[in-house]
Amino acid sequence: MGPAMARFGNAPGRCFRLLVLLLVLGVRAAPLPLVLNTWAFRGAAETAWRTLQSGGSELDAVETGCGQCEIVQCDGSVGFGGSPDEHGETTLDAMIMDGNTMEVGSVADLRHVKNAIGVARKVMQHTKHTLLVGESASLFAVSMGFPYEDLTTQNSLSIYLKWLNQSCQPNYWKNVIPDPSKSCGPYKRAKELNNRKEWSISQRKMNIHNHDTIGMIVIGETGNVAAGTSTNGATHKIQGCVGDSPIAEAGAYADSTVGGAAATGDGDVMMRFLPSYQAVEYMRMGIDPTIACQKVISRIQKYAPEFFGAVICANTTGSYGAACNKIPGFRQFHFMVYTPLLSQPSEQVVDCI
């Protein structure tokens with residue numbers, strides 16, 4: 001039992017009553033340490049928590065927690081063998097941030113290496129850079145001792161072949177010929193641009209079910225904050241695409257003087273608003289984490305009302321919250337919480353706004 005638990009006594013009933021009182025009052029607060037992650041990725045929260053309980057650092061917890069999702073291929077949207085791009089290849093994005101030093105390590109378009117969050121940590125530890133990309137990132141990973149492996153599986157190949165048989169629908173092209181809504185290309189730029197916004201139902205469905213980045217925030221007993229992400233990106237993305245996940249301030253952000261935030265969803269839209277950074281800055285102003293998350297979502301809604309996305313937020317007092325944008329097929333957002341008041345991670349749900 002850690003010091004945080006000792007403050008509330010040994011009786012499980014007392015902890016339970018305190019948790020109920022907090023929920024009744026609408027206050028999502030908890031003693032530290034705290035593990036918070038997007039989606040119902042229970043194993044990730046458990047792994048991060050075990051790392052903390054065994055003496056690991058907040059960064060260790062983020063790395064192992066996100067790494068667990070990479071191993072088990074959470075929802076097919078994290079790790080190898082999922083979300084093939086338009087050429088059928090699975091590539092990975094990940095980042096990790098230290099809220100004490102503000103250091104960041106990240107990789108994007110990583111190929112042939114399964115442990116993307118581990119490689120991101122090595123970028124932080126062994127280089128003066130922040131972000132490495134593509135095949136060069138893979139070569140760096142191999143030099144750091146990571147095995148060079150095939151990320152394609154029968155499942156990802158099946159997804160890719162099915163897409164080809166559906167005339168490559170949906171895809172991410174626009175203002176090109178031949179018509180990308182009917183053809184697989186190859187494409188050339190159209191002479192006349194069509195700047196009309198296109199928010200098709202098929203596009204939204206693809207995002208909702210194939211864009212489930214794991215974002216994680218870990219706050220230690222003394223208030224140290226770390227955050228990270230891992231994903232294989234958007235299914236059928238144009239080769240070379242980099243979303244919000246590996247971008248500090250967009251995919252995740254950590255500041256041990258305030259707290260942390262992480263985002264999930266349509267990275268092409270969300271990264272334009274730096275939602276994780278903005279949420280932390282709202283909390284720096286004293287705004288409750290739930291309200292901070294909602295304000296971030298509302299800000300994006302003004303420009304992209306039908307975007308798919310959610311944000312989790314936590315501050316160094318142990319308060320936490322989440323928010324999401326309500327669209328057809330996505331009206332609630334599930335996320336995981338682990339605190340000393342709980343004997344196991346708790347799946348929580350918020351209604352989208």
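Visitor: Why does R284 count as partly exposed?

Guide: The model is predicted, so local features need pLDDT of at least 70 and side-chain atom pairs count only at pLDDT 80 or more, while totals for chains, interfaces and linings use all residues. Residues are numbered from 1 along each chain as its sequence is written, and side-chain values use heavy atoms, with hydrogens and water left out. Buried means under 20% relative accessible area, exposed means over 50%, and partly exposed lies in between (1.4 Å probe, protein chains only). R284 has a relative accessibility of 40%, and therefore it counts as partly exposed.

Visitor: What makes the pair of R284 and D255 a salt bridge?

Guide: The term requires a side-chain nitrogen of Lys or Arg within 4 Å of a carboxyl oxygen of Asp or Glu. In the pair of R284 and D255, the closest N and O atoms are 2.7 Å apart, and a salt bridge is assigned. R284 lies in helix α10 (residues 275-284) and D255 in strand β9 (residues 252-255), so the pair ties together parts that are 29 residues apart in sequence. Helices (H or I, at least four residues) and strands (E, at least two) are DSSP runs, numbered from the N terminus.

Visitor: Why is D255 called buried?

Guide: D255 is called buried because its relative accessible area is 8%.

Visitor: Which side chain meets R284 in a salt bridge at 2.9 Å, N to O?

Guide: That side chain is E281. E281 and R284 both lie in helix α10, three residues apart, about one turn of the helix. E281 counts as buried because its relative accessibility is 18%. Elsewhere, salt bridges that share partners join D60, E63 and R121 into one network.

Visitor: What makes α10 a mostly covered helix?

Guide: Eight of the ten residues of α10 are buried. They are P275, S276, Q278, A279, V280, E281, Y282 and M283. These buried residues pack against β9, β10, α9 (267-270), α11 (289-301) and β11 (309-315). Just after α10, G286 takes a positive phi of about 95 degrees.

Visitor: How far apart are the closest N and O atoms of R111 and E89?

Guide: They are 3.8 Å apart, and R111 forms a salt bridge with E89. R111 lies in the loop between β3 and α5 and E89 in the loop between α4 and β2, so the pair ties together parts that are 22 residues apart in sequence. Both residues, R111 and E89, are buried. The structure holds seven salt bridges.

Visitor: What is recorded for T213, and is the residue buried or exposed?

Guide: The UniProt annotation "active site", from an unreviewed entry, covers T213; such positions are given in the numbering used here, feature names are shortened, and annotations may be inferred rather than shown by experiment. T213 is placed in the loop between α8 (201-210) and β7 (214-219). Because its relative accessible area is 3%, T213 is buried. Leaving aside neighbours within four places in sequence, T213 has contacts (heavy atoms within 4.5 Å) with residues including T38, W39, S77, T229 and T264.

Visitor: What makes α5 a mostly covered helix?

Guide: In α5 (residues 116-126), eight of the eleven residues are buried. Among them are I117, V119, R121 and M124. The buried residues of α5 pack against elements including α4 (58-72), β2 (92-98) and β8 (225-231).

Visitor: How much of the chain counts as buried?

Guide: Of its 353 residues, 56% count as buried. The chain has eleven helices and 14 strands.
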